[in-house]
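Open the model in your viewer and keep the sequence panel beside it. This tour goes stop by stop, with something to select at each.

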Amino acid sequence: MEEIIREGAFTVDETKKENNASGIQPNGGYTMHTFEDVKEIYFAYIHDENDRDLIQRAYDLVKVQHDGIFRKSGEPYLQHLIEVAYICAKLQGGPTTIAAAFLHDVVEDTDTTIQEINEKFGEDCAKIVDALTKIQRMKLSHRTEEEFAAEDHRKIFLGMAKDVRVIIIKLADRLHNMRTIDALKPERQHALARETLEVFAPIAHRLGIYRVESELEDLSLRIEKPTEFNEIQKLLNEKVKYRQKALNNLKKKIADILIEANIKFTIESRIKSIFSIYKKMYIKGHSFDEIYDFLALRVITETEINCYEILGLVHAHFKPIPGRFKDYIAMPKPNMYQSLHTTVIAGDGNIFEVQIRTKEMDEIAETGVAAHWRYKENAHYSPKQEQQEIEEKLHWFRDFLSINSDSKDKSATEYMESLSKDIFEANVYVFTPKGKVIDLPNGSTPLDLAYKIHTKVGDSAIGATVNGNLVPLNTILKTGDIVEIKTSKTSPGPNESWLSIVKTTSAKNHIKKFIQKKNSDLLKDERTKQGRQACADFFKDHGIDENEMMSLLNTERVLKNFQVSSVEELFVRIVAHNPNPAQICDFLGIKRVYKKDTKLFKKENFDDDKCPVTIDNQTGFKITLGNCCTPIPGDSIVGYVTKGNGITVHRITCPNVQNQQRLIEVHWKENLGIKSYPVDIMIECQDRNNLIADILNIFNSNKIKCTEISGRLHPESATTSISAQIYVSDANVLNHIFDILRSTKGIYEVRRVIH
């Protein structure tokens with residue numbers, strides 16, 4: 001029977017592959033190794049005697065320290081350490097990595113200390129063992145509550161994020177534990193299997209270590225879904241046996257074609273992992289017969305150019321299936337995976353997938369990050385430099401570290417949700433204008449990309465271009481899009497509507513924090529103004545103007561007495577009546593000079609029912625709304641006492657009432673009923689056709705009356721300023737319309753106008 005490589009398997013006994021297509025035994029069996037097996041592997045690439053001695057001494061220590069200790073499977077505990085080191089050596093880890101693999105449990109299970117590890121094996125090795133020990137002490141998966149499990153998972157990721165070698169050893173440790181899982185009680189098996197699928201397999205996937213990922217997934221599926229696992233394994237064995245002859249024929253034909261073209265190559269077969277087939281059948285709803293790529297040929301050649309030459313020859317001799325071609329060489333996956341994939345119909349009508357890659361691509365495809373950072377003789381290893389390289393080449397790792405650094409402000413379940421959605425489920429790949437690939441979850445928008453680039457880019461985003469075309473920020477991105485984010489220093493930043501636009505949890509969380517801070521700052525500013533005005537009115541009754549009041553209040557004596565750090569903080573406290581202006585005047589020894597007489601205002605024959613504003617529940621005053629700032633219900637307002645013309649109501653932020661003396665407290669009436677008030681607004685846009693028409697359609701569909709609208713083009717920047725007067729019932733309606741306008745294609749700023 002032609003040898004077939006199971007996708008992901010690399011340590012299963014070769015003889016077992018011939019008995020079943022998956023390479024996994026029904027009882028989870030595996031080949032046991034010896035220290036000599038480990039030695040044989042690392043001797044092939046580690047030649048320095050000091051480095052070899054480091055590994056030997058680590059083995060000698062654990063051989064003594066773990067002597068007489070056995071696992072629940074009945075194996076000597078030393079066997080587990082050998083297997084973990086064997087897997088790390090197969091991934092061509094460095095001497096410190098292999099030594100730490102031997103030592104990873106010695107502090108947890110014996111009286112050996114981290115200080116001893118540091119003295120005998122060096123600081124670098126001790127740091128790795130310390131991180132692995134802290135992860136082990138979390139007593140993983142013994143708790144069933146979702147929050148506790150999520151907290152365990154968060155600690156695992158926090159522990160692994162500091163050094164990629166910690167991740168490699170921990171993955172190897174979990175892989176061997178899963179191979180010997182049958183010795184555990186059923187409930188413990190299920191807990192470990194679930195944790196493996198939720199935590200360890202996704203990390204292996206994002207690091208591109210398919211050999212480990214695939215076996216972890218299959219071993220976990222065998223525990224969690226034994227019926228489905230056995231069904232797929234049976235179908236797979238039957239199908240492989242049935243299609244073996246057709247596969248061999250295709251393999252021979254492709255080999256003949258490439259030999260004739262004088263291209264160097266090797267061809268091997270691979271079988272899709274059981275877990276991958278399970279996802280297609282039970283999650284995506286396909287039947288087994290609809291899965292064409294369960295059996296594939298892998299052509300490995302010398303150069304990238306050879307890959308495309310082979311692709312052309314394969315397509316010239318066999319009919320490709322439309323829509324099944326993927327070029328991961330030109331557009332690598334975020335875990336550095338590169339290969340050409342095409343699905344063709346062989347001469348006998350059978351359908352097969354053909355993968356084409358170079359030898360280096362094949363190594364990275366199988367072992368991912370481990371292949372790229374494998375040990376190089378005589379090269380100085382720098383953990384800091386390696387972490388920096390990882391962040392540069394695996395750009396998602398920067399997001400991983402960012403989520404970890406932000407995790408203090410999140411619950412464990414929120415943290416795991418961020419990790420799951422933003423990292424593990426990211427499978428849409430887009431380009432920046434400079435060619436950098438960024439991966440995003442399905443449904444992501446330019447705003448998600450903006451926040452992936454940097455939070456400041458997200459906060460100042462006003463629009464985007466996708467493949468050269470200007471698009472709204474809520475456009476759904478797809479793989480291959482070239483996206484450029486348009487920013488502006490005058491951008492007002494995120495608003496509530498952005499929360500419905502973004503897909504990534506990290507973007508949502510940042511927008512929420514921005515809005516909360518903005519609202520908090522606005523509330524503080526508003527309260528500062530209210531407190532200042534209340535204090536100014538009170539001091540005025542005592543014959544002291546506002547400038548003199550500020551001189552009296554802004555002193556160390558006053559601030560210290562009322563336990564505030566600034567006069568602004570004092571004004572905020574005044575709004576809460578702690579203290580009130582009377583208490584401040586008493587402290588300063590200020591006596592009342594005169595009593596405010598509201599009767600000084602001239603009464604007018606005015607229909608109070610139609611007036612939306614009231615003055616301390618008094619009636620009969622002539623009140624008009626200021627044309628300069630067009631206040632509407634919901635705005636913070638103040639009244640200005642005119643000379644002989646009653647009271648004019650302004651927004652409290654209106655520059656026309658700043659530093660004025662004749663101000664009076666006014667309020668919007670409750671239950672105003674349905675009435676519209678004029679508001680002047682300005683809309684800043686990227687120039688495009690039908691812009692004013694689209695804006696008018698928005699007003700019309702939302703039943704907003706527009707009495708004036710005009711536009712002014714700025715040719716130098718290709719932007720347009722549109723001014724309009726609209727009628728709304730209150731500030732909430734106005735804010736809603738502003739949100740709709742801001743999410744409209746081409747519009748990057750909307751604001752109210754003060755004349």
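Which strands does helix α29 lie across, and at about what angle does it run to β22? Select residues 731–742 to show α29. The helix lies across β19, β21 and β22, and runs at about 160° to β22. Axes here are lines fitted to C-alpha atoms, for helices over the stretch in contact, and angles run from 0 to 180 degrees between N-to-C directions. Helices (H or I, at least four residues) and strands (E, at least two) are DSSP runs, numbered from the N terminus.

**Before going on**

This is a predicted model: local features need pLDDT of at least 70, side-chain atom pairs count only at pLDDT 80 or more, and totals for chains, interfaces and linings use all residues. Residues are numbered from 1 along each chain as its sequence is written, and side-chain values use heavy atoms, with hydrogens and water left out.

Colour by pLDDT, the predictor's confidence in each residue, from 0 to 100. The protein chain averages 81, and 82% of the residues score at least 70. Now select residues 1–28. Their pLDDT stays under 50, and the model has 78 contacts for them beyond four places in sequence. Contact means heavy atoms within 4.5 Å. Residues 593–607 also have pLDDT below 50, with 20 contacts in the model beyond near neighbours in sequence. Where pLDDT is low, the predicted coordinates should not be read in detail.

Zoom out to the whole chain. It has 29 helices and 22 strands. Of its 755 residues, 51% are buried. Buried means under 20% relative accessible area, exposed over 50%, and partly exposed in between (1.4 Å probe, protein chains only). Among contacts between residues at least 6 apart in sequence, 67% join residues at least 24 apart.

**Stop 1**

Show β19, β20, β21 and β22 together. They form an open sheet in the order β20-β21-β19-β22, with antiparallel pairing. Two strands pair if DSSP finds at least two bridges between them. β20 (705–714) and β22 stand at the edges, each with a single partner strand, so one side of each has no neighbour in the sheet. From one strand to the next, the twist averages 20°.

Select β19 (residues 677–686) and β21 (residues 719–728). Ten bridges join this antiparallel pair. Find valine 679: isoleucine 726 in β21 stands opposite.

Move to β22, residues 747–752. β19 and β22 pair in the antiparallel sense over five bridges. Isoleucine 747 in β22 is the bridge partner of cysteine 685. Five of the six residues in β22 are buried.

**Stop 2: a mixed sheet**

Which strands make up the open sheet with mixed pairing? Its four strands have the order β14-β16-β15-β17. The edge strands, β14 (623–625) and β17 (663–664), each pair on one side only. Select β14 and β16 (residues 647–651): they run parallel and are joined by three bridges. Isoleucine 623 stands opposite isoleucine 647 in β16.

**Stop 3: two crossing helices**

Select α12 (residues 210–224) and α14 (residues 274–283). Their axes come within 8 Å and cross at roughly 65°. Show side chains at the contact: Glu217, Asp218 and Leu221 in α12 meet Ile274, Phe275 and Tyr278 in α14. By class, that is four nonpolar, no polar and two charged residues. Ala, Val, Leu, Ile, Met, Phe, Trp, Tyr, Cys and Pro count as nonpolar, Asp, Glu, Lys and Arg as charged, and the others, Gly among them, as polar.

Stay on α12. Of its 15 residues, 13 are buried.

**Stop 4: two single residues**

Select histidine 176, in helix α10 (residues 164–179). Is this histidine 176 buried or exposed? At 0% relative accessibility, histidine 176 counts as buried. Leaving out residues up to four places away in sequence, it touches Tyr30, Arg71, Glu75, His80 and Glu83.

Finish at tryptophan 498, in the loop between β12 (483–487) and α23 (505–541). With 6% relative accessibility, tryptophan 498 counts as buried. Its contacts beyond four places in sequence include Leu447, Tyr451, Asp459 and Ile511. Draw a distance from the C-alpha atom of tryptophan 498 to that of lysine 512: the separation is 9.4 Å, for residues 14 apart along the chain.
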